Amino acid sequence: MERAAIVGLDKRHVWHPYTAMAQYIADTDPLVVVRSEGVYLHDADGRRYLDANGSWWVSTLGHRHPRLVRALTDQLGCLAHASLAGVTHGPAAQLAAELAALAPGADRADVTAEQKLSRVFYSDNGSTAVEVAIKMAAQYWAQNGRPGRTRFITLSGAFHGETLGATSVGGMSEFRDVFGPLLFDVVHVPSPSEEGGHARALEQLRTALNADPDGIAGVILEPVLQGAVGMWMSSPDFVREVREATRAVDTFLIADEVFTGLGRTGARFAVDLAGVVPDLLCLAKALSGGLLPFGATLASERIFSGFLGAKDRALYYGHSYCGNPLGAAVAREVLAVYRDEDVLGQVQRKAPRVKAAFEHMAATIPGLVRPRAVGMVGALDLGGGGYFANSGWRVYEAARRRGLYLRPLGDTVYIAPALNIPDADLDVLLSGVEDSLREVAAG
């Protein structure tokens, strides 16, 4: 189909996510992607664009990694789908065992059997992985002697997904306020990345826990890196101290690692930077390498044991595509590629280049502030306009002219490319970001 025909159908029928549709229909000349390979997207005009954001953070091994494609086609040849309702299959069982073996604390002698993340519940995206964790925590307390524990503590600027439960524990007013009447009550405390920092956030979190120890079902965090709000970063020490605070009142810590999990920060999981074992761990995005929607929630043996017994104690929750064999087979191959290609080692070697590049840009280009980096994520701000600011979109257009797909978060310009991006392509990306920022700064 010709490009013009695709755009015509798109503007007549497609409702795009996170998009002001009136402006899009009237003014946007969209990128029409027809093919992807490695770190590049190819459009209908024959141009290629380096995917600086990993297509919303999912393509951590690049697009169409040949081993993932082969795993998908091999699995498709024998079993495309079967429900997990009283049924099982090899990919789901094997993947669960592999995730449990990789989970934080799995190989630590000081982590007890009931603390280990030995149980895996599948879903189909990051939002549902978080939704599962919320329901597990709430139901656990309801049927294990603490029915008053119904509230969660979350951070300002948090983003945990799109379902109503995940929206409830979110901390971004831009995505939350309009749904206010539909959401359950949560306790919001400051992010350690905000004014007052770590100490203020920790003090208010401890105060909230101690004020209502019998009412808090859990604390939910994006550890070390809060993504959607603008790549806010904080010390792993904060995660460790939150873990200690939740242990003091015996409530749960939920680590939302949908974005940070599987190498983004340079560690397998961001909580590993703090040496912390959460009670629940949410995964998606990188887990299926950008090929399929797939999510998982890892739960401690303690939480799992709290659902055993009479039938009415079961977790009556699930998805039609829960543990889909295609997604599970691809996820197993993702983990294998991480091992075989030393993906974590690649991140650790490249991360200093990302950090140095963003610090250099902020130091030499007028108007840029707050350079920051962790792992393969680098970010800086063009002022303080927040999510609805337009300055980042000027950089987006400048980058597009240079063959980069660089979607901003308001006035935050950031990169989150494939973790295995070749060195030469990383050079192209970093120099292209700098040139785009210089063009916009020059007016």
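**Entry 1, ground rules.** I work with a predicted model, in which local features need pLDDT of at least 70 and side-chain atom pairs count only at pLDDT 80 or more, while totals for chains, interfaces and linings use all residues. I number residues from 1 along each chain as its sequence is written, and my side-chain values use heavy atoms, with hydrogens and water left out.

I looked up how many salt bridges the structure holds. The structure holds 23 of them, where a salt bridge is a side-chain nitrogen of Lys or Arg within 4 Å of a carboxyl oxygen of Asp or Glu.

I found the side chains of R3 and D29 joined in a salt bridge, at 2.9 Å from N to O. R3 belongs to helix 1 (residues 3-13) and D29 to the loop between helix 2 (21-27) and strand 1 (33-37), so this pair ties together parts that are 26 residues apart in sequence. I take helices (H or I, at least four residues) and strands (E, at least two) as DSSP runs, numbered from the N terminus. R3 counts as buried at 18% relative accessibility, whereas D29 is partly exposed, with a relative accessible area of 46%. For these words I use under 20% relative accessible area for buried, over 50% for exposed and the range in between for partly exposed (1.4 Å probe, protein chains only). I also noted that R3, D29 and D45 are linked in a network of salt bridges.

The side chains of E301 and R119 meet in a salt bridge of 3.0 Å, N to O. Since E301 is in helix 11 (residues 301-305) and R119 in strand 4 (residues 119-123), the pair ties together parts that are 182 residues apart in sequence. R119 is partly exposed, at a relative accessible area of 33%.

I then looked up R402 and E439, whose side chains form a salt bridge (2.6 Å, N to O). R402 sits in the loop between helix 14 (391-401) and strand 15 (404-405) and E439 in helix 15 (residues 423-441), so parts that are 37 residues apart in sequence are tied together. R402 is partly exposed at 35%, and E439 is partly exposed at 31%.

Which residues make the nonpolar surface patch of about 400 Å²? I found L164, V178, F179 and L182. Patches are made of residues with over 30% relative accessible area and no salt bridge, with like charges joined within 9 Å and nonpolar side chains (Val, Leu, Ile, Met, Phe, Trp, Tyr) within 5 Å. Accessible areas come from the Shrake-Rupley method with a 1.4 Å probe, and for residues only the protein chains shown count as cover. V178 has its place in the loop between helix 8 (173-176) and strand 6 (187-189), and V178 is exposed, with a relative accessible area of 63%.
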